[in-house]
Amino acid sequence: MIFVGLSHKTAPIEVRERLAIGRSQLPEVLARLTAHPAIAEALVLSTCNRVEVYASPRQPAPGLVRPGSPPSAPDDERSLESEALRAAVSVLVGIGGDAVRGHLAGRVGPDAVVHLFRVAASLDSMVVGEPQILGQMKEAIEIARGAKTLGARLGRAAHRAIKVGKRVRTETAIGAGQVSVSSVAIDLARQIFTDLAGHTALLIGAGEMAEAASKLLVRAGARLVVVNRSPERAAALAREVGGEPRPWSDLERAVVEADIVVSSTSSPSYVVTLDLVRRARKARKGRSLFLIDIAVPRDIDPAVNKLDNVYLYDVDDLSQIVAQSVEGRAAEAARAEAIVVDEAQAFEAWTLERALTPTIVGLRARTRSILAAEVERSLSGKLRHLGPAERQALALMVDAATNKLLHVPTTRLRAMASDPRVGEHVDSLRELFDIDDAPVDSGAARALAEGELRDDADDRRTPLSARGAEPPASGDRGVDAALRQAGPRPHAADGPRPHVSEESGHHARQPSARPQPAEAGVLAVANPAAAVRAAGLKGA
């Protein structure tokens, strides 16, 4: 898996707004990402403080990268992860221009997973512990699913990220007080006016952040006026919080009347211009005007800050109050970080174990085909007198023999998923049993992967660290069920089995000479830092 993007930590607001991607634009951006030959799956998270691409390479990596291997050579820089990084950079620069390039950060493999989990846990938010990020990530996942750019590999990571965020909010007090960008903005208004009672507040916009701000303003005692391009939405929000709706044509008059203006729309251009504020300032006859712009792209022309008695704050100006909120949450943030590390390690163990699936499936297919061929030879010779019932009994015996014969080696192989020698053992196993030439049903591996994903969806409470990667108590029921689900097994007399094309998510892959790890796209590359540097990115 790879990550490329920018946030309030790597780019100022004037750069972030160049790359702001609206909800309606996300399917098109996702399509552009997955249209690139290097990218198989993609997820885009776009909020007021970040635009981030998470993706997995279209083709699996050449094989397991053994921990402790030497740094990658220059030729290795052109790895699949590096190609995917460059592809994501190309799409983002195509949207925001060259100005965003120097602010993009990137990560690959487990580092990208850790970043995704930290974002979901609100540890990377401007306001640590803010609750909106989980909803924004869920929406991003749904949009990616609707655009058919989220498959089994990246989908598993995204699904796990949501669970990490929920676990952090359940097991820590990081979200105590429900702090958000909107609440920080209102706290800033309180610092200016001390008491908001008796003051008029104008809310421009009626989206999620505007709604949160409206409730806080009314609770603080301010008289609320709501202006929105949709009069129905303005009326609904005003009715909900006890404010007064105004048509969009009354925007300038509302600015003249207001002491506090909070703007949060999705407009691509300024809705409060310099000329509008100049006229309003003249009509206000010297009364101070306090403006808070929590939109990205910005709603209010930053040039208004140069006018006398006009004070403008945007999302980057809220950093001082945000820093105060972080200090009080340091202990809880440390607990949340520990949860993220625990979940990321468990996820990596899962991906390593799953990468062994093609070898396990191949080993079982090779063993079963040999046993089945011998049974078929006997049924054509000395045992040809056996009836259907006896033949069925022999088929069951073959299944039982395969399970018992391979139970110990396959469970031990799975248990060694994180062992530095696992790559050597896999190579030896494939060589000794000639697995590369064995008829391997890719549908079986895919069915197993999908079954694992469904099992994970049903697991609502158990942390990954508690489940680990334990093998079945007897036999290899998961692989065996997947093989059965893939269809009937041919007898030796049926001839070689036709190859079934393998898919990753919604993208079909051409068969390769050697089956590759199913989850290689989210494994660590030999030198992740070098891969990030090769793509011209900074660390997140």
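Helix α4 (residues 109–120) packs against helix α5 (residues 132–146) at an angle of about 125°, and their axes lie 8 Å apart. That angle makes α4 oblique to α5, given that angles under 35 degrees count as roughly parallel, over 145 as roughly antiparallel, 65 to 115 as roughly perpendicular and the rest as oblique. Axes here are lines fitted to C-alpha atoms, for helices over the stretch in contact, and angles run from 0 to 180 degrees between N-to-C directions. Leu-116, Val-119 and Ala-120 in α4 meet Ile-133, Leu-134 and Met-137 in α5, where contact means heavy atoms within 4.5 Å.

The model is predicted, so local features need pLDDT of at least 70 and side-chain atom pairs count only at pLDDT 80 or more, whereas totals for chains, interfaces and linings use all residues. Residues are numbered from 1 along each chain as its sequence is written, and side-chain values use heavy atoms, with hydrogens and water left out.

Helices (H or I, at least four residues) and strands (E, at least two) are DSSP runs, numbered from the N terminus. Six strands form an open sheet in the order β7-β6-β5-β8-β9-β10, with parallel pairing; two strands pair if DSSP finds at least two bridges between them. The edge strands are β7 (244–246) and β10, each of which pairs on one side only, and the twist averages 20° from one strand to the next. Helix α8 (residues 208–219) packs on this sheet and touches β5 (200–204), β6 (223–227) and β8, its direction making about 170° with that of β5.

| Residue in β9 | Partner |
|---|---|
| Leu-291 | Val-261 |
| Ile-292 | Val-262 |

Together, β8, helix α11 (residues 274–284) and β9 make a right-handed β-α-β unit; a crossover is right-handed if, with the strands pointing away from the viewer, the path from the first strand over the helix to the second runs clockwise.

Five of the five residues of β9 are buried, so β9 is largely enclosed by the rest of the structure; buried means under 20% relative accessible area, exposed over 50%, and partly exposed in between (1.4 Å probe, protein chains only). Leu-289, Leu-291 and Asp-293 point one way from β9, and Phe-290 and Ile-292 the other way. In β10 (residues 310–314), Val-310, Leu-312 and Asp-314 form a covered face, while Tyr-311 and Tyr-313 form an uncovered one.

A search of the whole structure finds three aromatic pairs, rings of Phe, Tyr and Trp (its six-membered ring) being paired if their centres lie within 6.5 Å, with planes under 30 degrees apart counted as stacked, over 60 as edge-to-face and the rest as tilted. The rings of Phe-290 and Tyr-313 have centres 5.4 Å apart and planes at 65°, so the pair is edge-to-face. Phe-290 is buried, with a relative accessible area of 1%, whereas Tyr-313 is partly exposed at 23%.
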